[in-house]
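Me: Hey, can you walk me through the aromatic rings in this one? I'm new to it.

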Amino acid sequence: MRSDTIPAIGLAIGGALGMAGTFVAGDALRETLWTIDGVAVVVAAALLTMKYQRLGNDLVAAGFLTFLAGESLLLAGNAAGLQASVPSYVGGIALWAAGLVMVSAQSTFALWIRLAALVAALLFTVSALMILWGAPLLPTSAPLPAIGYPFLVLTFIGWIWTLLKPER
């Protein structure tokens, strides 16, 4: 098994279950899906941090580490339910945004992947600021922050594609 397979699987699980959790009605099922999603993404981000650190790409490695910190905050608030998780959610998506910008700041990934990540980062930043300024947004609120999730999943797909594409 290639060393990039495990982070690719973690990102795939995270993207699929994260999106699924956004659309389910039941609290217990949503919290379960988001917990599995969060653990998978934390594992993937940890492995990607190590990979890019070993390659000498410190900014990308630090970006994945920052993303990991954000995902950990989201994971920590998950079991509290939607309303009670908002404080950790704001911190988590703010760190997601910072991590996405850091990973995308260099040309390590294809332009389309970096653009998807930057759109997600912008949407999560706006969502975090709106919540901080008193907007009654939940992690499942639409259009914000929910519109940011497809861009995040598109970024995950790009990262997976990069990890699994044959070496040239």
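**Ring pairs and the core**

Reply: The count comes to 12 aromatic pairs, taking Phe, Tyr and Trp rings (for Trp the six-membered one) with centres within 6.5 Å. This is a predicted model, where local features need pLDDT of at least 70, side-chain atom pairs count only at pLDDT 80 or more, and totals for chains, interfaces and linings use all residues. Residues are numbered from 1 along each chain as its sequence is written, and side-chain values use heavy atoms, leaving out hydrogens and water.

Me: Ok, why is the pair of F64 and F109 edge-to-face?

Reply: Their planes are at 75 degrees, with the centres 6.3 Å apart, so they count as edge-to-face; the cut-offs are under 30 degrees for stacked, over 60 for edge-to-face, and tilted for the rest.

Me: Where do those two sit in the chain?

Reply: F64 is in helix α3 and F109 in the loop between α4 and α5, 45 residues apart. Helices here are DSSP runs (H or I, at least four residues), numbered from the N terminus.

Me: And F124 with Y149, what kind of pair is that?

Reply: Tilted, because the planes are at 40 degrees, with centres 5.8 Å apart.

Me: Is F124 buried or exposed?

Reply: F124 is buried, with a relative accessible area of 0%; buried means under 20%, exposed over 50%, and partly exposed in between (1.4 Å probe, protein chains only).

Me: New topic: which residues does L100 touch?

Reply: Among them are F67, F124 and W159, leaving aside residues up to four places away in sequence. Contact means heavy atoms within 4.5 Å.
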